[in-house]
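Hello,

Here is the structure I promised to pass on to you. Have a look at it first, and then read my notes below.

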Amino acid sequence: FYLGGHVGYGWAQARYTDFATPANNSSVNANGVFGGLQAGYNWQMNQFVFGLEADIAASGMRRTYTAANLVDTYRASVPFLSTVRARAGFAADRA
């Protein structure tokens with residue numbers, strides 16, 4: 001079993017299409033720092049190694065954009081992100 005932490009920097013982009021007023025079409029780029037925890041477990045059966053890992057992070061990736069008409073406001077944000085993954089491998093001696 002293992003537990004760890006991580007920190008990073010991310011980028012996101014949201015595109016908006018206004019079919020009624022195409023001049024208001026826009027995209028918003030959000031970026032910021034994120035950080036969180038991860039945990040996992042690996043087990044070995046003979047030479048085969050199997051594992052499961054999950055993580056969750058809070059994010060500061062956000063940005064607000066006001067259109068040229070000063071009426072429409074667009075916002076892009078990624079408040080959190082999370083993943084779960086399985087792994088499988090082959091152990092050769094201590095590698």
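Leaving aside its neighbours within four places in sequence, which residues is M61 in contact with? They are G10, W11, A30, N31, G32, A76, S77, V78 and L81, where contact means heavy atoms within 4.5 Å.

Before going on, a word on how to read this. It is a predicted model, in which local features need pLDDT of at least 70 and side-chain atom pairs count only at pLDDT 80 or more, while totals for chains, interfaces and linings use all residues. Residues are numbered from 1 along each chain as its sequence is written, and side-chain values use heavy atoms, with hydrogens and water left out.

The pLDDT is the predictor's confidence in each residue, from 0 to 100. The protein averages 87, and 96% of its residues score at least 70. Confidence is highest in β2, at a mean of 91, and lowest in β4, at 89.

**The sheet**

Strands here are DSSP runs of E with at least two residues, numbered from the N terminus (helices would be H or I runs of at least four). Four strands form an open sheet in the order β1-β2-β3-β4, with antiparallel pairing; two strands pair if DSSP finds at least two bridges between them. At the edges are β1 (2-16) and β4, each of which pairs on one side only. From one strand to the next, the twist averages 20°; axes are lines fitted to C-alpha atoms (for helices, over the stretch in contact), with angles from 0 to 180 degrees between N-to-C directions. As background, strands of a sheet pair through backbone hydrogen bonds, either parallel or antiparallel.

Between the antiparallel strands β2 and β3 there are twelve bridges. G36, for example, has A57 in β3 as its bridge partner. The loop between β2 and β3 holds N46. This residue is not a glycine, yet its phi is positive, at about 55°. N46 counts as exposed because its relative accessibility is 66% (exposed is over 50% relative accessible area, buried under 20% and partly exposed in between, with a 1.4 Å probe and protein chains only).

**The inside**

Back to M61, which lies in strand β3 (residues 48-66). Why does M61 count as buried? Because its relative accessibility is 5%. The C-alpha atoms of M61 and N31 are separated by 4.5 Å, although the two residues are 30 apart along the chain.

The largest nonpolar core has five residues: A14, V28, A30, Y74 and A76. Such a core is a set of buried Ala, Val, Leu, Ile, Met, Phe, Trp, Tyr and Cys residues joined through side-chain atoms within 4.5 Å. Two or more of its residues come from each of β2 (26-45) and β4 (73-90). Leaving aside neighbours within four places in sequence, the contacts of A76 include A14, V28, A30 and M61.

**Aromatic pairs**

Rings of Phe, Tyr and Trp (its six-membered ring) pair if their centres lie within 6.5 Å; planes under 30 degrees apart are stacked, over 60 edge-to-face and the rest tilted. The count comes to three pairs. One of them is Y41 and W43, a tilted pair with 5.6 Å centre to centre and 35° between the planes. In another, the ring centres of F48 and F90 are 5.8 Å apart with planes at 70°, so this pair is edge-to-face. F48 in strand β3 and F90 in strand β4 are 42 residues apart, so the pair links distant parts of the chain. F48 is partly exposed, at 44% relative accessible area, and F90 is exposed, at 58%.

Happy exploring!
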